[in-house]
Each structure stands twice: as C-alpha cells, then as structure tokens.
Amino acid sequence: MRARVIAVANQKGGVGKTVTSINLASCLAARGRRVLLLDLDPQGHCGVGLGIDTETLTRTTYDLLVDRTATVHALAITLPWPALSTLRFIPANLQLSLAERELEKRYALPNLALAAKLKVVRDDFDDVIIDCPPALSKLTLNAFLACDSVVIPVGVGFFSIHGVRMLAETLKDIFEETGLDYDIRCLITRYRTGQTVSREVRKAADELFGDYCFATVIRECVDVEKSIGSQTPLAVWAPQSQAAQDYRALSAELVDQLAKKVLRDSSPPVPITVPTTTTAKKSDSEAGHGA
Ligand SMILES: Nc1ncnc2c1ncn2[C@@H]1O[C@H](COP(=O)(O)OP(=O)(O)O)[C@@H](O)[C@H]1O
Ligand SMILES: [Mg+2]
C-alpha cells in the first residue's frame with residue numbers, strides 16, 4: 001500500500017499544527033500503521049514535543065532536502081515508546097532555515113526536492129505527516145507539491161477564518177498551475193463547547209469547506225500543554241484525556257475518509273473550485289475537491 005502524504009499547514013502560528021502533527025502521527029502509529037513524521041519547521045517543535053534535543057542534532061530534515069544522497073530511511077529515527085514502534089521521525093532545527101537558499105543553488109526544480117525524496121519510500125509507510133512552518137514559504141511549497149492532502153488546523157479566534165480563506169485561495173492557485181489533484185481538509189482546534197466564537201468559527205469553516213471539514217473537532221484541553229511539557233505524545237502520556245480521545249477520533253476519521261479517495265498519481269487532474277466566501281454553496285465545495 002502506498003503512503004498518503006499529509007501536509008499539516010497554516011501560515012498562522014499557534015493554531016495547533018505541531019500538536020496535531022505529533023498526535024495524529026502517534027495515534028495513527030498506535031493503530032499499527034507505519035507512519036513517518038517529518039518536521040519541516042526550522043523551529044523544530046516536533047522534536048521538542050517528542051523529547052529530542054534538537055539543537056545538537058547533526059542529521060535532520062535539512063539534510064534530507066539539501067543532500068542529494070540522503071534518504072528518508074537513513075535519517076528517520078525511532079522513538080522510545082513501545083506503543084509507537086511503527087512511528088519514524090525526521091527532526092528539524094534552525095539549520096533548516098538555510099535550506100531554501102541551498103535548494104535554489106543545488107536543484108533545477110528546488111520546489112520538488114521533498115516530493116522526490118518521499119516518492120521512493122511511498123511503499124514503506126502508510127502515512128506521512130509533514131509539520132509545516134507558519135509561513136507560505138518555499139519549504140511549505142515543497143510540502144504542498146509532495147502531498148496528497150493538506151490538513152489545515154484552524155484555531156478558534158476572530159482572525160482565524162480570514163487567514164484560512166487566503167490559504168485556500170493560494171492552494172487553489174498552486175494546484176491549478178501544477179494540474180495536480182488535491183484534497184484540502186479543515187480541522188477545528190482549541191474548540192470550547194458553549195463558547196460563541198468557537199461556534200462561529202465552526203460554522204464559517206463548515207460553509208467554507210463543506211464536507212471537507214473534519215467532523216471531529218479538537219477541544220481545548222489542558223493536557224495538550226502538559227503533554228508537550230512532558231515531551232510525550234498524548235497517546236502515551238494521557239491516553240484517556242479528552243485531547244487524546246479527540247486525536248484518536250481524528251485518526252479514525254482520516255483513515256476512513258482517505259480510504260475512499262483515489263491517489264493522485266492514478267487520478268486525472270480535476271477542476272479546482274475552492275469556495276472563496278463563507279456563503280459559498282455546498283455544491284461548490286463538494287465539486288471542488290476531486291474525489
Ligand atoms: N487542543 C488544545 N488545547 C490546549 N492547548 C492547545 C491545543 N492545541 C494546541 N494548544 C497549544 O497551543 C500552542 C500552539 O500550538 P502549536 O501546535 O505549537 O501551534 P502551531 O504549530 O500551529 O504554531 C501550544 O502551546 C499548544 O500547547
Ligand atoms: Mg508548529
């Protein structure tokens with residue numbers, strides 16, 4: 001089976017990209033799936049959340065991108081938790097901020113460097129999760145051109161939907177220009193039941209993404225911060241916590257939804273019609289995501 005490559009992206013910081021990447025990857029691995037988690041953010045927060053001293057690392061995502069001979073298997077590390085024995089991780093650190101310049105120097109097609117490295121290991125994993133930086137940078141573009149799906153975490157807040165609409169537009173342009181099939185899904189994070197702004201963000205996201213908004217929402221939960229502090233994924237640190245339950249539900253929904261999709265390489269390009277307003281008709285969003 002070929003891996004599904006999922007980019008977790010949003011140019012806004014603090015929306016739960018890293019928390020989602022770590023916990024989605026670990027919940028998928030806890031189900032026995034072979035998962036590769038790749039940190040594409042020079043801040044290296046995935047590694048920090050997984051108990052790794054990222055500053056002293058010498059082999060990171062930077063090498064994967066910049067060194068033509070470096071492979072996923074040579075760089076991916078295992079993690080100390082037996083329940084996550086099928087999880088592999090490639091960490092990042094600040095050196096990754098130099099990668100964009102190096103990619104330009106070394107490759108004729110610098111935006112396809114990551115796609116090329118992942119293509120050759122697609123049979124070795126079930127899921128590849130890419131934690132993107134909080135910017136629409138060339139690193140993020142590498143992730144978009146390597147992935148089958150983009151998951152956009154939307155943190156609850158007044159500015160959050162505005163930024164997501166812009167990101168959806170950018171993705172639409174990218175995929176139109178490349179002719180690639182794509183699948184963009186929205187995930188509400190930091191949801192507070194009973195809070196007005198939470199309800200409003202959820203309603204706006206439903207209108208914008210239609211069926212491509214995950215039914216699972218990730219609730220605001222103190223155990224998220226605590227598990228990051230203890231540098232252990234929720235599935236291990238607090239498997240019964242609300243947040244662990246939410247990420248387990250997300251992993252189940254994702255597996256179920258993506259199982260219904262045809263992989264990009266075997267499907268023809270489709271018209272792209274990401275709705276641009278919150279009042280977009282449901283039929284627009286249904287038609288636009290190339291099932
Ligand atoms: N569901 C949640 N409940 C409580 N805190 C959360 C939740 N999701 C994320 N956070 C907190 O929000 C902060 C930002 O999350 P992070 O995943 O690092 O965002 P990003 O990667 O988008 O910048 C972190 O301190 C994290 O602990
Ligand atoms: Mg992050």
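Trainee: What makes β1 and β5 a pair of strands here?
Mentor: This is a predicted model, and in it five bridges join β1 to β5. Two strands pair if there are at least two bridges between them, so five bridges make β1 and β5 a pair. The two strands run parallel.

Trainee: Which residue in β5 is the bridge partner of Val8?
Mentor: That's Asp131. Val8 also stands opposite Val151 in β6.

Trainee: Why are β3 and β7 called edge strands?
Mentor: Start with the whole sheet: it is open, has seven strands and mixed pairing, and its order is β3-β4-β2-β5-β1-β6-β7. β3 (77–78) and β7 (184–189) each pair on one side only, and that is what makes them the edge strands.

Trainee: What makes β5 a covered strand?
Mentor: Count its residues: five of its five are buried. On one side you have Asp127, Ile129 and Asp131, and on the other Val128 and Ile130, all buried, so both faces are covered.

Trainee: Which helices lie across the sheet's strands?
Mentor: α1 is one of them, lying across β1, β2, β4, β5, β6 and β7 and running at about 165 degrees to β5. Another is α9 (residues 196–209), which lies across β6 and β7 at about 175 degrees to β7.

Trainee: Which residues touch the most other members of the largest nonpolar core?
Mentor: Ile130 and Ala143, out of 88 residues in that core. The helix α1 gives the most to this core, with eight residues. Have a look at Ile130 in the model: leaving aside neighbours within four places in sequence, it is in contact with Val5, Ile6, Ala7, Val8, Leu38, Leu40, Ala143 and Cys147.

Trainee: Why is Arg190 called buried?
Mentor: The cut-off is 20 or more C-beta neighbours, and Arg190 has 23 inside 10 Å, so Arg190 counts as buried. You'll find Arg190 in the loop between β7 and α9. Arg190 also has a positive phi of about 55 degrees, although it is not a glycine.

Trainee: Why does Gln231 count as partly exposed?
Mentor: Gln231 has 13 C-beta neighbours inside 10 Å. Buried needs 20 or more and exposed needs 12 or fewer, so 13 falls in between and Gln231 is partly exposed. Gln231 sits in the loop between α10 and α11 (234–237), and its phi is near 55 degrees, a positive value in a residue other than glycine.

Trainee: Last one: which residues come nearest to ligand 1?
Mentor: Gly16, Lys17, Thr18, Val19 and Val224, of the 18 residues around ligand 1. The helices α1 (17–30) and α10 (222–229) each supply at least two residues of that shell. By class, the shell has eight nonpolar, six polar and four charged residues.

How values were computed. Residues numbered from 1 in each chain as written. Chains lettered and ligands numbered in written order. Predicted model: local features only at pLDDT ≥ 70, side-chain atom pairs only at ≥ 80, totals over all residues. Near = placed C-beta within 6 Å. Helix = DSSP H or I, 4+ residues; strand = E, 2+ residues; numbered from the N terminus. Nonpolar A, V, L, I, M, F, W, Y, C, P; charged D, E, K, R; others polar. Contact = placed C-beta atoms within 7 Å. Axes fitted to C-alpha atoms, helices over the stretch in contact; angles between N-to-C directions. Core = buried A, V, L, I, M, F, W, Y, C linked by C-beta atoms within 7 Å.
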